[in-house]
Amino acid sequence: MSLNEMNLPPYLVAQLYPSSLVGQEKNIDPVASVPTAPSVLAEPELTIEWKSLGSNRKGILVAVNYENITNLPDAQLEFLMQLLKACQLSLHDVALINMNNYPGVAHTSILSQFSTKVVLLFGITVQDWGFPFQTPPYQVQSFSDYTVMHAPALHDLQNDKPAKGLLWAALKNIFHL
């Protein structure tokens with residue numbers, strides 16, 4: 001398509017050429033004589049129904065990934081509560097979310113929604129979460145204003161004593177125990 005074949009709407013031509021090209025009197029406003037562009041309605045922002053467990057008093061986000069359940073299976077919830085208690089925390093101090101409930105939601109939206117300071121990922125790597133770096137499991141990483149650590153899924157940790165030892169060392173580092 002050549003420039004001669006383009007059919008621009010009058011309002012766009014007026015915006016591109018605010019002063020007259022030829023043949024207009026000096027006291028005529030070329031923009032005022034052209035109809036304005038129809039207003040474009042903004043897309044409604046996607047409303048997310050946040051499902052979390054805990055009161056998030058201390059800005060600690062615990063993210064898991066389990067299918068077909070709102071938060072966490074009972075056995076893993078019990079294990080998580082034991083971990084929190086060992087760290088002198090409770091469900092009141094954290095927000096537990098199941099990432100399976102938020103496909104396609106940006107990690108930045110989640111961090112903002114939950115006013116997060118500490119991010120504990122179980123069964124989700126930091127790169128899968130959306131952070132621009134990689135770390136091995138149990139490595140505590142500071143990034144921006146966050147403290148981040150990822151570990152295997154809670155059901156994999158429950159009966160793995162060496163893995164629980166690595167997790168405990170990371171949690172002691174994070175929570176200064």
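**Figure 1. The largest nonpolar core of the predicted model and the residues with the most partners in it.** In this predicted model, the largest nonpolar core comprises 30 residues, of which Leu 120, Phe 122, Leu 154, Leu 157, Leu 167 and Phe 175 touch the most other members. Strands β2, β3, β4 and β6 and helices α2, α5 and α6 each supply at least two residues of this core, and α6 gives the most to it, with six residues. A second, separate core holds 18 residues, including Tyr 102, Val 105, Leu 121 and Val 126. In soluble globular proteins, nonpolar side chains tend to be buried together.

**Figure 2. Surroundings of Leu 120 in strand β4.** Strand β4 spans residues 118-122 and pairs with β2 in the parallel sense over four bridges, and within this pairing Leu 120 is the bridge partner of Val 62. Apart from neighbours within four places in sequence, Leu 120 is in contact with Ile 60, Leu 61, Val 62 and Ala 63, and also with Met 149, Leu 171, Ile 174 and Phe 175.

**Figure 3. Strand β2 and its parallel partner β3.** Strand β2, residues 60-64, is mostly covered, five of its five residues being buried. Ile 60, Val 62 and Val 64 point one way from the strand, whereas Leu 61 and Ala 63 point the other way, and all are buried. Strand β3, residues 94-98, runs parallel to β2 and is joined to it by five bridges, with Val 62 standing opposite Leu 96 of β3. Together with helix α2 (residues 74-86), these strands make a right-handed β-α-β unit.

**Figure 4. Gln 158 in the loop between α5 and α6.** Gln 158 is found in the loop that lies between α5 (154-157) and α6 (161-175). The side chain of Gln 158 makes a polar contact of 2.8 Å with the side chain of Gln 76. When neighbours within four places in sequence are left aside, the residues in contact with Gln 158 are Ala 75, Gln 76, Phe 79 and Lys 164.

**Figure 5. His 107 in helix α3.** His 107 lies in helix α3, which covers residues 107-113. The relative accessible area of His 107 is 17%, which is under the 20% limit, so this residue counts as buried. Leaving aside neighbours within four places in sequence, His 107 is in contact with Trp 129, Gly 130 and Phe 131.

**Figure 6. The chain as a whole, for orientation among the close-ups.** The secondary structure comes to six helices and six strands, and from the N terminus on these elements run α-β-β-α-β-α-β-α-β-β-α-α. Of the 177 residues in the chain, 35% are buried, and the chain exposes about 11,500 Å², of which carbon and sulfur atoms supply 52%. Among contacts with a separation of 6 or more, 67% are between residues 24 or more positions apart.

Definitions and conventions
Residues numbered from 1 in each chain as written. Predicted model: local features only at pLDDT ≥ 70, side-chain atom pairs only at ≥ 80, totals over all residues. Heavy atoms only, no water. Polar contact = N/O pair within 3.5 Å; in protein donor to acceptor, adjacent residues only side chain to side chain. Contact = heavy atoms within 4.5 Å. Buried < 20%, exposed > 50% of the residue type's maximum accessible area, 1.4 Å probe, protein only. Areas by Shrake-Rupley, 256 points an atom, 1.4 Å probe, with all protein chains shown as cover. Pairing = 2+ DSSP bridges. Right-handed = clockwise from strand over helix to strand, strands pointing away. Core = buried A, V, L, I, M, F, W, Y, C linked by side-chain atoms within 4.5 Å.
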